[in-house]
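Thanks for coming. Please look at the sequence and the structure first.

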Amino acid sequence: MACVGHIQQGLWRHPRDRATDYNKLDYWTGMARTLERGLFDGLFLADVLGIYDVYGGSPDAALREAVQVPLLDPMLLVPAMAAATQHLGFGITCNLAYEAPYLFARRVSTLDHLTGGRAGWNIVTGYLDSAARAMGLQRQMAHDDRYDLADEYMDLVYALWEGSWAGDARARGEAMGAYADPARVRPVRHQGAQYRLDAIHLAEPSPQRTPLLFQAGASDRGRQFAARHAECVFVNGGAKPAVASLVADLRARANPRPLKVLVGATLVIGRTEAEARDKLEDYRRHASVEGALAHASASLGIDFARYGMDEPIETGPTQAIQSNVEAMKKAAGPVFTKRGLIDRFILGSRQPPIVGSVEQVAEALIGWVEEADVDGFNLSRTVMPECLEDVVDLLVPALQERGAYKRAYAPGTFREKLFGAGPLLEAPHPAAARRFT
Ligand SMILES: Cc1cc2nc3c(=O)[nH]c(=O)nc-3n(C[C@H](O)[C@H](O)[C@H](O)COP(=O)(O)O)c2cc1C
């Protein structure tokens, strides 16, 4: 995330951390090069519109602790990183609720062109009232209504990316001494519940047309949405059996379409177990409980400042991230309290790290793949850039030795690299049905 504190709150205070350089281009190009050296499939760029002002009814804690504020626009980072790499994919988060489909579709096509087909989009609808107020509304749409809005939005952007220009508009144009054959370019016309549009897509077809689609659908409505649209799904870590059943459910719902499921993980790796434990203690001294509470309050839609340490926390229906509330209730034990929540913060987040020697961490990740049927990991940063260098220089070789990690990139676009098929979405994905061939 193009900010100082993303998931592990407070670690920017660690003397070796460089996250405060988030507003410098070499921070991003350096990161991209390191990831490509480690054959990472992609860099996931999270994004959230609005400020975290649920904790204590104020943005003060978020500002003091740099909890996802200040925050830059992730899309604008991508061309520089693409120029510094050849293979790395970019999973860019964009909240569709505040983006006109016509403009957004062109920006994504631009990135897919400029990156040679390495653009991905993490489809989100937001969870903050502060974002709605920033956009002139009183509050955000209700949870399930946001997914309905997103379904209509997807239909529209598919039509722009896939259905406005025929694949041969250029070739036919060239054959007649023109740039494009006007008969092979047509407007998209849409009159829906939320959107109206009558336009030709401004960008000609990019390598993937529709970017590689990511989503994190974990509530019932969220899973339904993921099953229809997502190619890659982010799931939170947690108890392995619970993640395994979520993964099985997502796969069953998306069937016959294949899904790549990526589980969240935070790694603290040492050459030995003792070194990893020392590193954890060193990092831990900088973790911020206040920052983690500000983050949790906003994502769960619960103001933890209003509760005493041992007071049971009421969790009514939330308009924020429903699956996070369910996960916290389960993890915190029979009674959900602020003390129970804080006890789970180890590195300033709700995500407990996997800590161990290179071999132990490698085995732990392989265990996740074998037991929970995940396809890969969405690693959250700790101290930058050493956390990435530990993965690239220590963990990747250990995984390669075990036959659990690739030794070279596959050719092609982001989609081709991950799925081994063609660059475009295929039936029964709804985008394929929109294609002007
Ligand atoms: C790993 C992961 C990353 C996410 N990243 C973002 C993000 O960058 N921006 C955002 O607005 N929501 C993000 N979310 C939230 C999801 O978009 C979505 O709201 C949530 O996972 C599912 O919510 P639901 O359980 O209420 O359906 C993320 C969720 C997960 C699990």
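How far is an oxygen atom of the ligand from an N or O atom in the side chain of serine 219? The distance is 2.5 Å. That is a polar contact, meaning a pair of N or O atoms within 3.5 Å; within protein, one must be able to donate a hydrogen and the other to accept it, and residues adjacent in sequence count only if both atoms are side-chain atoms. Taken alone, the ligand exposes 610 Å², and the protein buries 89% of that; these areas come from the Shrake-Rupley method with a 1.4 Å probe.

Some ground rules. This is a predicted model, where local features need pLDDT of at least 70 and side-chain atom pairs count only at pLDDT 80 or more, while totals for chains, interfaces and linings use all residues. Residues are numbered from 1 along each chain as its sequence is written, and side-chain values use heavy atoms, with hydrogens and water left out.

Back to the ligand. An oxygen atom of the ligand is 2.6 Å from an N or O atom in the side chain of tyrosine 147. A polar backbone atom of alanine 216 is 2.8 Å from a ligand oxygen. The ligand is surrounded by 21 residues, where near means a heavy atom within 4 Å. The closest are Asp47, His143, Tyr147, Ser219 and Ser323. At least two shell residues each come from β3 (119–124), α6 (143–163) and α12 (322–331); helices (H or I, at least four residues) and strands (E, at least two) are DSSP runs, numbered from the N terminus.

Now serine 219 itself. Serine 219 sits in the loop between β6 (212–215) and α8 (220–229). Is serine 219 buried or exposed? It counts as buried because its relative accessibility is 11%, and buried means under 20%, exposed over 50%, partly exposed in between (1.4 Å probe, protein chains only). Leaving aside residues up to four places away in sequence, serine 219 touches His143, Tyr147, Gln322 and Ser323, contact being heavy atoms within 4.5 Å. Its side chain also reaches the backbone nitrogen of glycine 222 at 3.0 Å.

Last, threonine 93. An unreviewed UniProt entry lists Asp47, Thr93, His143, Tyr147 and Ser219 under "binding site"; such annotations may be inferred rather than shown by experiment. Threonine 93 lies in strand β2 (residues 89–95) and is buried, at 3% relative accessible area. A polar atom of the threonine 93 side chain lies 2.7 Å from the backbone oxygen of leucine 45.
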